[in-house]
Amino acid sequence: MDIENLQIQIKTFFGLEQILAEEIKKLGGRKVEVKNRAVNCEGDLGFLYKINYSARTALKILVPIHEFKAFNQHQFYDRLFKFNWEEFMDVDQSFAIDATVNSETFKHSQFVTLKMKDAIVDYFQEKFKKRPNVETRTPDIKFHLHIDRELITISLDSSGDPLFKRGYRKEQGEAPINEVLASGMLQLAGWDGKGNFLDPMCGSGTLLIEAAMIALDLPAQIFRKRFAFQNWKNYDAELFTKIKEFRINRIKEFNGKIVGYDIDARMLNAARMNIEAAEMEDVIEVKKQNFFDSKKELFPLLMVFNPPYDERISINDDDFYKKIGDTFKTSYPNTLAWLISSDLEAVKKIGLRPSRKIKLFNGKLETRFLQYEMYEGTKKVHKLEEK
């Protein structure tokens, strides 16, 4: 493995590729290339540690180590059996494999994963008369198998647990929004920690915590205990410590307000527990408040929220979305508001034309992330000027 020029693939959600590419460029990635649900780049070992620790919209970070073509299962096994696995793991380390398969030749991901496991185990058995353990929950080394027709790519997963597992979520709501998606939404909405932020239907508080992390410039994985790369043969603990210290020294002051409303006391309790776990009690305020009875209190204000929709909570959609629109128009002048919804018919009842629409997926649900711009009295002013 050339630790100066690693080829790196960073996975993300559909619609966040451009945001991730910008993050990677800012963190020092070379030859940044946007793909579908992924960004490819080059960097050294320190850069790999840095993006695992800091990138907000990365789901997992892979380093390809072996690529070949196979036209049947025998070729597949044979090429894997002959690969030099001991360069990347010891016989005493446990391993796991996850797979993405798009192939007519290799149709079943479970079968090819089993074949790859056999090849690795047989390699060590023949060489050392000893077998490494397969450990699916907490493996020392995690491999990623990608099959696209006949092209096989084996990568090391440098992250381990997916990077949306930030380590601060103690309580979940009915359907909490994924942390990576939440951060991506905030960045798409232009949140940079300047001004004030409101989530008027905050649930268990994910958007609030991610907004605070951006405002303070906290590294995304500041609460994470382990990364898979810490079990690699070339792991440089001193380098990783330096990278963490450098990032923590860049934490900023934040003078604005980050506020969350919800009408459900249970949800507010969950939000408070998560905010406390993220050590954000001084930065985030949550209160029991019905958005439909609220008035704009913070100036300037960015609003981003994830209203209940579809399979989450049964509500009268038409009435609910009409109330959102009415509240925007009567109570939130001069405000930029974004919301995510999978109910594309119901959002029409908001009664305002969205100025931007971005297609995103919340789990398997196809959604739109919609921007609404509320202006106060602009039409009136123009008419007066015309007279």
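In helix α2, the residues L45, G46, F47, L48, Y49, I51, N52, Y53 and S54 are buried, meaning under 20% relative accessible area with a 1.4 Å probe and protein chains only. Because nine of the ten residues of α2 (residues 45–54) are buried, the helix is largely enclosed by the rest of the structure. The model is predicted, local features need pLDDT of at least 70, side-chain atom pairs count only at pLDDT 80 or more, and totals for chains, interfaces and linings use all residues. Residues are numbered from 1 along each chain as its sequence is written, and side-chain values use heavy atoms, leaving out hydrogens and water.

**Surroundings of α2**
- The buried residues of α2 pack against β1 (6–11), α1 (17–26), β3 (38–43), β4 (60–69) and α7 (237–248); contact means heavy atoms within 4.5 Å.
- Helices (H or I, at least four residues) and strands (E, at least two) are DSSP runs, numbered from the N terminus.
- At the start of α2, a side-chain oxygen of D44 comes to within 3.3 Å of the backbone nitrogen of G46.

**Lysine 142**
- K142 belongs to strand β6 (residues 141–148).
- K142 is buried but has no salt bridge, and D157, the nearest side chain of opposite charge, is 4.1 Å away.
- A salt bridge requires a side-chain nitrogen of Lys or Arg within 4 Å of a carboxyl oxygen of Asp or Glu.
- A polar atom of the K142 side chain lies 3.3 Å from the backbone oxygen of G160.

**Cysteines**
- C41 counts as buried because its relative accessibility is 3%.
- C202 is also buried, with a relative accessible area of 6%.

Conventions
Buried means under 20% relative accessible area, exposed over 50%, partly exposed in between (1.4 Å probe, protein chains only). A polar contact is a pair of N or O atoms within 3.5 Å; within protein, one must be able to donate a hydrogen and the other to accept it, and residues adjacent in sequence count only if both atoms are side-chain atoms. Lys and Arg count as positive and Asp and Glu as negative; His and the chain ends are not counted.
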